[in-house]
Amino acid sequence: MPRVKFQTLTEQMFYTLLCLKEECYGMDILDKVPAMTKGRVNVGSGTLYTLLEQFLEAGMISETKVEGRKRSYILSEKGREMLEKEYGRICAQAEDYRQIFGEGRR
């Protein structure tokens with residue numbers, strides 16, 4: 001059975017949306033994600049621009065400015081709801097881990 005689009009988010013999707021809490025350009029996201037994750041997560045430009053188009057089509061983000069090829073985006077209410085859902089899913093996974101292995105174990 002094929003995966004339902006955006007049922008869960010990849011790390012690249014999650015951090016791209018997280019960056020768009022405030023309006024920014026695609027190039028800003030390419031810089032913000034590695035800074036935010038201390039280099040643990042990177043988003044390639046091809047991946048980023050594909051994600052931005054998909055998020056636009058799904059109504060998860062809005063385009064705010066177009067200056068030639070430069071475009072800026074911001075998170076929509078639908079995108080924020082998706083981020084909150086994903087955050088809840090991640091927290092539930094962490095809680096399951098703690099129940100099995102105990103608090104503070106890594």
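## Basis of the model

The structure is a predicted model, in which local features need pLDDT of at least 70 and side-chain atom pairs count only at pLDDT 80 or more, while totals for chains, interfaces and linings use all residues. Residues are numbered from 1 along each chain as its sequence is written, and side-chain values use heavy atoms, with hydrogens and water left out.

## Overall fold

The protein chain holds four helices and three strands, where helices (H or I, at least four residues) and strands (E, at least two) are DSSP runs numbered from the N terminus. Read from the N terminus, these elements follow the order α-β-α-α-β-β-α. The C-alpha trace spans about 55 × 30 × 25 Å along its principal axes. Of the 106 residues in the protein chain, 31% are buried; buried stands for under 20% relative accessible area, exposed for over 50%, and partly exposed for what lies in between, with a 1.4 Å probe and protein chains only.

## The sheet

The three strands form an open sheet in the order E1-E3-E2 with antiparallel pairing, and two strands are taken to pair if DSSP finds at least two bridges between them. The edge strands, each pairing on one side only, are E1 (24–25) and E2. In general, strands of a sheet pair through backbone hydrogen bonds, either parallel or antiparallel.

Between E1 and E3 there are two bridges in the antiparallel sense, and Cys 24 has Tyr 73 of E3 as its bridge partner. Strand E2 (residues 61–67) is joined to strand E3 (residues 70–75) by six bridges, again antiparallel, and here Lys 65 has Ser 72 of E3 as its bridge partner. The hairpin of E2 and E3 has two residues between the strands, and Gly 68 in this hairpin takes a positive phi near 70°.

## The largest pocket

The largest pocket contains about 160 Å³ of space. A pocket is found on a 1 Å grid over the protein atoms alone, as an open set of points where a 1.4 Å probe fits, with protein on both sides within 12 Å along at least five of seven lines, and its lining residues have an atom within 4 Å of a point. The volume is the space filled by probe spheres set on the points, which are joined across faces, edges and corners.

The lining consists of Phe 14, Leu 18, Lys 21, Leu 75, Arg 80, Leu 83, Glu 84 and Tyr 87. Helix H1 (11–19) and H4 are the elements that give two or more residues to this lining, and H4 gives the most, with four residues.

## Surface and loop residues

Tyr 97, Ile 100 and Phe 101 form a nonpolar patch on the surface, with about 330 Å² of accessible area together. Ile 100, which lies in helix H4 (residues 77–101), is exposed at a relative accessible area of 67%.

Lys 38 sits in the loop between helix H2 (26–36) and helix H3 (45–58), and has a positive phi of about 55° although it is not a glycine. Most residues other than glycine have a negative phi. Lys 38 is also exposed, with a relative accessible area of 79%.

Lys 5, in the segment before H1, counts as exposed at 52% relative accessibility. The C-alpha atoms of Lys 5 and Ala 58 are separated by 9.5 Å, although these residues are 53 residues apart along the chain.

Conventions:
Patches are made of residues with over 30% relative accessible area and no salt bridge: like charges are joined within 9 Å, nonpolar side chains (Val, Leu, Ile, Met, Phe, Trp, Tyr) within 5 Å. Accessible areas come from the Shrake-Rupley method with a 1.4 Å probe; for residues, only the protein chains shown count as cover. A salt bridge is a side-chain nitrogen of Lys or Arg within 4 Å of a carboxyl oxygen of Asp or Glu.
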